[in-house]
Amino acid sequence: MPIEWSGLSPELILSLDRERPEPLRSQLESGLREAIRSGRLRAGERLPSSRELARQLGVSRGLVQECFDQLQAEGYLNARAGSATRVTAIGTRSAPAPASPPPERPRLAVDFLSGVPDLASFPRNDWVWAQREACRAMPTAALGYGDPRGSAIFREVLAGYLRRVRAAAAEPDRILVCTGFAQGLNLTLRVLAARGVRRVAFEDPGYGDGETMATTARAGLEAVPVPVDHGGVVVEALAASGAGAVVLTPAHQWPTGVVLAPERRRALVAWAAERDAVIIEDDYDAEFRYDREPVGAVQGLAPDHVVALGTVSKSLAPGVRLGWALCPPSLVEEVGLEKNLNDRGSPVLDQLAVATLIESGRYDRHLRRMRATYAARRGALLAALAEHAPAVQLSGLAAGFHAVAHLPGSADEQAVVAAARERSVGLYGMSPNRSTRSTTPPQLVLGFGNLGERAIHKGVATVGDLLDG
Ligand SMILES: Cc1ncc(COP(=O)(O)O)c(C=O)c1O
């Protein structure tokens, strides 16, 4: 039976096998040598005393000492009288190279990647102020394990905000605070799967085959695509799909940018009531509506059938990782249970900081500022295309910070994307968002949230000839 020894350093694991013909001393010697050569024992690392090592290995101290002497003679170890035996630099390999990092996107001169707000505009000063205020005012008890559904203060403030800005039927005890749309969806789908839902409908074009689809599959659910046209999701197709739930983006469809038409909203709600189905509303960028007030959330029309998922990923920054699920009364407890099992609740200080931002009016002020910023960028995109690629039409511009560029029918979507990359401009085709991956009609999804007006002009000027066919 091999004897396992874990030294003071967890990397040092030696095994001696008394059944092998090789003497124990040479096993120990070669084991140590190999540990040093392979880098499991690094230069400068301290070995246990010969007495301690002998005790742990069940061999005589003399045998260990002989090994140490030998390896010292070979230059692997260094032992000075009165101090510990240490590994020398000789024979040690430099620390193993760290695992190769995930492939990075090549740095592009201009990147029309969508989904990213203007990161440089994150209200750092307001955030620091709000964190300080929140931390100062917070009762000590708030630092314990709290309600896994989230801070009561934040849920109260958020409910008021959602009623005011999103026309939602929001009550604090229906809100579950989570880390964003991604977690809110994950928790909701798990609860629905446990309740026996088997199929979930998604808008097509929609999320493509990224994390959202992986989350659905992991919850054991079948994803069914339902077409989107100029009025949003086609509700007859949804009804025919046999789905027990649907995930959709009514205020500003991802990625086409269409707004769910009023009659479709009514039909959607009727479908949910009739089938006792669940509508999962991804309310990701609704605050940024340009031509009029934001379209209210569908949740306000059918609070007993809608889970409205909100996030600060667009309004503040994705790195904050804060969001919420506004649930029907019949689901909130189970979603809260799921959240508790997941991570016991989201960080309380961040919740209190956002509550402080909202209550102080600084959140609204930031949104007003950003609406003006994005409106200017949207204008820059329109102007640049009119100048450099007049054959291209834009749609989906009523809200948010991405648009769909309709290329001339003869254009090859993938070839345009590839040629633009050669010129260091990041363009993104619509085809990955379509369930069929079809490249017709040729379209691009252009994000302009994290690009200044000058960069937008430069990017469009660089690739205008490609876009125009
Ligand atoms: C359509 C859509 N919904 C929601 C989100 C936000 O997800 P999260 O809140 O997990 O950051 C994104 C982010 O890009 C998105 O594109």
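Among contacts in the chain (heavy atoms within 4.5 Å) between residues at least 6 apart in sequence, 72% join residues at least 24 apart. The model is a predicted one, in which local features need pLDDT of at least 70 and side-chain atom pairs count only at pLDDT 80 or more, while totals for chains, interfaces and linings use all residues. Residues are numbered from 1 along each chain as its sequence is written, and side-chain values use heavy atoms, with hydrogens and water left out.

**Overall form**

- The secondary structure comes to 14 helices and 17 strands, taken as DSSP runs numbered from the N terminus, with helices being H or I of at least four residues and strands E of at least two.
- The radius of gyration, taken over C-alpha atoms, is 30 Å, well over the 23 Å that the globule rule gives for 469 residues, so the chain is more spread out than a compact globule; that rule is 2.2 Å times the number of residues to the power 0.38.
- Along its principal axes, the C-alpha trace spans about 90 × 55 × 50 Å.

**Burial**

- Of the 469 residues, 52% count as buried, a term that means under 20% relative accessible area, against over 50% for exposed and partly exposed in between (1.4 Å probe, protein chains only).

**Aromatic pairs**

- The count comes to 7 aromatic pairs, where rings of Phe, Tyr and Trp (its six-membered ring) pair if their centres lie within 6.5 Å, and planes under 30 degrees apart count as stacked, over 60 as edge-to-face and the rest as tilted.
- Y161 and Y363 form an edge-to-face pair, with 5.4 Å centre to centre and 80° between the planes.
- This pair links distant parts of the chain, since Y161 belongs to helix α5 (residues 152-166) and Y363 to helix α12 (residues 362-388), 202 residues apart.
- Both Y161 and Y363 are buried.
- Ring pairs also link F181, F202 and Y207 into a cluster.

**Two buried residues**

- H305 lies in the loop between β11 (278-282) and β12 (306-311), and with a relative accessible area of 17% H305 is buried.
- Leaving aside neighbours within four places in sequence, H305 is in contact with A272, A273, D276, A277, V278, I279 and P328.
- L268 lies in helix α9 (residues 262-275) and counts as buried at 0% relative accessibility.
- Leaving aside neighbours within four places in sequence, L268 is in contact with V235, L238, V246, L248, L260, I279 and V298.
- The C-alpha atoms of L268 and Q393 are separated by 30 Å, the two residues being 125 residues apart along the chain.
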